[in-house]
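Here is a short briefing to read with the structure open beside you.

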Amino acid sequence: MSTRLAKTGRLVDHSRAIEFTFNGKRLKGHPGDTLASALLANDQMLVGRSFKYHRPRGIVASGAEEPNALVGLGEGTRFEPNQRVTTTELFDGLTCISQNHWPSLDFDIGAVNTHLSRFLPAGFYYKMFIHPRPFWKHVYEPFIRQSAGLGKASNPGDPDRYEHFYYFCDVLVVGGGVAGLQAALAAAEAGSKVMLIEQTAHWGGRSPVDGGEVDGQPVAEWVDATIAKLQGMPNVTLRNRCMGAGVYDQGYALGYERVADHTPGSDAPRHRLWRIRAGQIVTATGAIERPLSFAGNDVPGVMLASAIRDYAVDFGVSIGDRTVVVTNNDDAYRTAITLKQLGLEIPVILDARQSGGGALADEARALGIRVENGKGIAKVKGGKRVTGVAICAQAGEGAVLEEIACDAVAMSGGWSPVVHLWSHCGGKLIWDEASAHFRPDPDQPPKGAKGEGFVIPAGAANGAGDLASVVSDAHAAGQAAAKAMGHKPKGKAPKASTSEEAPMQPVWLMPQGAGIKLRMKSWLDYQNDVKVSDVQLAAREGYESVEHAKRYTTLGMATDQGKLSNINGLAILSDALNQPIPQTGTTTFRPPYTPISLSSIAGEAKGEIFQPIRKTPMHGWHEANGADFEPVGQWRRPYCFPKGEEGRHEAVNREIKQTRASLALLDASTLGKIIVKGPDAGRFMDVLYTNMMSTLKPGRCRYGLMCNENGFLMDDGVVARLDEETFLVHTTTGGAESIHGHMEDWLQCEWWDWKVYTANVTEQYAQVGVAGPNSRKVIEKLTEDDISADALTFMGWTEITVAGIPARVFRISFAGELSFELSVPASHGRALWDALLEAGEEYGVMPYGTEAMHVMRAEKGFIMIGDETDGTVIPQDLNMDWAISKKKDDYLGKRAQEREHMADPNRWKLVGLETLEGEVLPDGAYATAPGTNANGQRNTQGRVTSTYHSPTLGRGIAMGLVHHGPDRMGEVLEFPKVDGGIVKAKIVDQVFYDKDGEKQNV
Amino acid sequence: MLILTCPCCGVTGEETEFHQGGEAHLKRHGPGASDDEFHTYMFAKENPKGVHFERWRHNNGCGKWFHAARDTVTLEVYGTYPAQTLEPPQDIRDAITAKRPGWTWRDFA
Amino acid sequence: MSEAITPLNGARFEGLATIEDAGLTGMITLRGDLSSKEVKAAVQNAVGLDIPAQRQALSGQGTAVLWMSPDELLLMCPYAEVAQIIAALEGALKGQHFLVANVSDARTFLHVSGPGARETVAKLCPVDLSEAAFTPGMFRRTRMAQVPAAFWLDEAGTFHLICFRSVADYAFNLLKTSALPGGGVGVYG
């Protein structure tokens, strides 16, 4: 059984106990524990069930590579699934639950799958559930959905705070082990601005566990001294609990800082995402030990040799009293020696190499440990925990030579450099035959903005072996990074311990000739339950590309992204395909290195700052007076202002009736307003608009259409000429920024010799539409200036003082009534609004929203950009030839509108549509035509572009684009509804209300 | 994420400050142009694997448009230059030639 | 006349940095040939300041000139003096090709001050705000989270930050969230 050792545990504080719960069970740990070490200290060997077969699984690793030990962490809105216990720091009151079992971890119904595993090979789902086809939707999919997914989804809501931080440095060093520290020091001493980040809470990586000396000091002391030195340097920033999550183009990197995961309840943000731009990035990300593939290598208690060593030394936790070590390299002997020295039993070291190990093997023998060369594990005994191993010859087929009782197995299949960050942005790898691993190819680094390599691997991440080579490699990497940043490296690498080790020997399957029964129990990917036999099957079925085999078997597709399984899997695949490993290659490494919280990616963007909400100067009044808002771009505009129990429809009707009968106000501040000024302003306005603008007189307004160079309508609005050289362009609400950009584009990139300046003054002004027969009267109450019908004629504008505020008044009408638009400095917008409401009281004044505006413009047959237009409509389609100047040589879109298809008389054209029964046509409904098209769908001959109930006319009105529409007045079209019914509507003139414009001309 | 230097205000900023605006050095064919000319101007755009000339706007910045000579494969930026020109300046062309001898792009080389 | 009201109406927050509505301020967009002696003289005459170098801000007593782009300046002055300064500019530039527009009401103007100011802004803007890289007098137009913004730093370490009026609440809440206690990054200030 696993238990706490009294004497070791350099990271834990034995003097204090903290409580946590696992599946409701109250357990004790120490400050400094990870959740993994605390669980193991409580003999919690079984921590979860595997995804596919529901096999009992325990902790395998001690770091970020852990595939099995995922838990649901926290409670309520703070619950989070799939948290790795090996990277979760223990805190007082932590609660977690195991995953993927029912009804309980110890007794799981789903475990029946493991007995059926013979029938659930790779590709089983693909093969099984394809026939009969109709079964997919109603039988297979619901069943699979129920069993799919790992862990439970989080609860809605996240009470914690997250943030981003933009940071810039010369050299970013990822990894705070010996290599990272030395690289950071070398770069910093050369004068570079350095940031060093480390994913765990501790500096030094694994080196204090393995020992050795650097610069004449024990490595643990050297680590402390170096950290102190780095902390004292003003050009160095150190961050632990900060993982290098990804390396992206041109020196961009993400650092995922878990600021407060270990201190719940503090006022700090939970995670901080560092958005780092570095000149050079040094990846000192270490190496990960590989498992060995033997039958039963997933039984709880079978762990990586280095992890067993880590738990013993760092946390004072022994995994078992009797640990069998199985290896293909010398490093695992360190585990045996460490455990033996702690007084634990090592029944045997099984060294798969016929020639055995080097000096470390001699040391082990000297301690009295039995060492068997050329031997391996045929099979692990035990279900929910290890009870023993059956030994065999590595060279054979698995004939059992001996059975040995044990409660833990320490395995080592060699080490793979962590090349993820190097590879994220295109760094290439080479296969190192001697160490049987992929390492960065120094000639093919990721390239930056100037074509320079910008990532340098260091230490074990670069394939370096012993401490001395790690230190010297890291020193060179740090200096190279500084040099690339124009700094002058100085100093030599400190001396460090060397170790003579016998060469490792690749072992991809144990024993080498294992039969199918053993291979079916030899796990490659623990989390996704992929076995040696599955990869071999994929190869046999023709999945020769490593990327295909990965997807077919799901090898490496789990949340650990194959950190343990990748190399073993592709070695098995290579063997099955009878080709060398480099020819098979690896799958693509993609960021993030380990999963990061979605909230950290969102950063501050949640709640009220999820996105910018644009507010007009009158927004506060709208809110206080019950406005029912709708989003228009990022603006919030009142759709209507319901009173009491009133619904939207009633409110809109009331607002329209009031406007037509007396007086109502519209907050039109969101309309785009752009000043166009200069000697060439008229010329520019003429190319911008389809109609003639240069002839507009100061003091007058003109409605105009803007097309893009493709000929399609993009915006419309009223232009006012302010003076000889100056125009004020009004755009749609959504068009303000884009039309300003469009103007600047043409002025800067095509007609840069024209003397025109533009300024977007949209937000400078609050604008109020004052509409209705009493609109003049109410303004007259507030001004001494003359705005009579003679002084300010329709489509005129002038400057007045209203309610004491300087204003422009435009006599224009979108509602079809006598109306004015008042424009005042935004800081006075609310005051103007209040003054108009007060002065209008005697006329029953009320505000109206966007929907009333839409209905009233439709009653008048006015088009709306985005309703009548959709990016494929030209002014001619809307019968707006009157707004297209025939006199101009050029305007944007003119040439396009001459193209054959644009001039085709068969284009659908705008008409009014009047339903026979008075009902409202469905929005976007199509008018059907006889026959069907090539796809067997009904032919169409038109579609609805705007449709409303008109309270003024007491029935439904609509506009639509109809084939030969204007020539077919009076014809009745049929519009099918979604529910199968049909609405019949007659083609009519699009102007439904006040055809002669008498209302607005008073 | 790219970094670009705006030749108009001198800022070296990340891609989120800028907005890409399609191919650079287009010659406008307006009224009077043939169907073919107009079609080519409007729709026949370069989509090279390698050297490319693009329009960018520093929209979260000085608001100016400029041109960038860029490699679509390596993402290397050979240089940026003002939009008020009909062809890439010689120093930019030289910078490209140094890295990609024999390059061509439309009529430029 | 009614009293002009800023969008934030005097809002203030104290956390790692102090975020406050900088109050009504006159702002004038001037577009023209910044290298011409006429523009130089007009600006000097209007606010008593020179034409700033590229991406610089020059400030005086209650006035400032900000370099917006190669052909655009933003002049800051007391709110009440805008009309008179515009008239002076227009007079001085008569016959030149230029554009002058009153944009005093188009923006929200904020001060971010205190030891946490640099970090507060660096959580939102993709700009190197280290003391070595961003120094007093520099003016930077950029992106603040999801909206355009611009700022300069004065000798006292206060950021003077502008963005559009409609997003005043958003901008204030962004800065406030970034300056909440407990969020110190520990790299600047």
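H23(A) and H24(A) cross with a right-handed sense. This is a predicted model, so please read each value below as computed from that prediction. The axes of the two helices come within 9 Å of each other and cross at roughly 115 degrees. That angle makes H23(A) roughly perpendicular to H24(A).

**The H23(A) and H24(A) pair**

- On the H23(A) side, the residues that meet the partner helix are A:Val778, A:Lys781 and A:Leu782.
- On the H24(A) side, they meet A:Ala835, A:Leu836 and A:Ala839.

**Another helix pair in chain A**

- Helix H8 (residues 305-315) and helix H9 (residues 331-341) of chain A pack at an angle of about 30 degrees.
- The axes of H8(A) and H9(A) are 8 Å apart, and the crossing of this pair is left-handed.
- H8(A) brings A:Ala305, A:Ser306, A:Ile308, A:Arg309, A:Ala312 and A:Val313 to the meeting.
- From H9(A), the residues that meet them are A:Ala332, A:Arg334, A:Thr335, A:Thr338 and A:Leu339.

**Chain A as a whole**

- Chain A has 26 helices and 51 strands.
- The C-alpha atoms of chain A fill a box of roughly 115 × 70 × 55 Å along the principal axes.
- Of the 1002 residues in chain A, 55% are buried.
- Take the contacts in chain A between residues at least 6 apart in sequence: 66% of them join residues at least 24 apart.

**Two loop residues in chain A**

- A:Val978 sits in the loop between strand E50 (972-976) and strand E51 (982-988) of chain A.
- Is A:Val978 buried or exposed? A:Val978 is exposed, with 7 other C-beta atoms within 10 Å.
- A:Val978 and A:Ala925 are 53 residues apart along the chain, and their C-alpha atoms are separated by 8.7 Å.
- A:Glu75 belongs to the loop between strand E6 (70-73) and strand E7 (80-84) of chain A.
- A:Glu75 is exposed too, with 12 other C-beta atoms within 10 Å; a residue counts as exposed at 12 or fewer.
- From A:Glu75 to A:Val809, the C-alpha atoms are 60 Å apart in space, and the two residues are 734 apart in sequence.

**Chain B**

- Chain B contains two helices and six strands, and from the N terminus on they run β-β-β-α-β-β-β-α.
- How does the radius of gyration of chain B, 14 Å, sit with that of a compact globule? For 109 residues a compact globule would have a value near 13 Å, and chain B agrees with this.
- The C-alpha atoms of chain B fill a box of roughly 40 × 35 × 25 Å along the principal axes.
- Buried residues account for 34% of the 109 residues in chain B.
- Among contacts in chain B between residues at least 6 apart in sequence, 50% link residues at least 24 apart.

**Where chain C touches its partners**

- With chain A, 42 residues of chain C are in contact with 41 residues of chain A.
- Strand E3 (26-31), strand E7 (99-102) and helix H4 (168-178) of chain C each give at least two residues to the side that touches chain A.
- H4(C) provides the largest share of that side, six residues.
- With chain B, 10 residues of chain C are in contact with 13 residues of chain B.
- The elements of chain C that give two or more residues to this side are strand E5 (64-69) and strand E9 (139-144).
- The largest share of the side touching chain B, three residues, comes from E9(C).

Conventions. Residues numbered from 1 in each chain as written. Chains lettered and ligands numbered in written order. Predicted model: local features only at pLDDT ≥ 70, side-chain atom pairs only at ≥ 80, totals over all residues. Helix = DSSP H or I, 4+ residues; strand = E, 2+ residues; numbered from the N terminus. Rg over C-alpha atoms; globule rule 2.2 N^0.38 Å. Buried ≥ 20, exposed ≤ 12 C-beta atoms within 10 Å, placed from the backbone. Contact = placed C-beta atoms within 7 Å. Axes fitted to C-alpha atoms, helices over the stretch in contact; angles between N-to-C directions. Parallel < 35°, antiparallel > 145°, perpendicular 65-115°, else oblique. Left-handed = near helix turned anticlockwise from the far one by under 90°.
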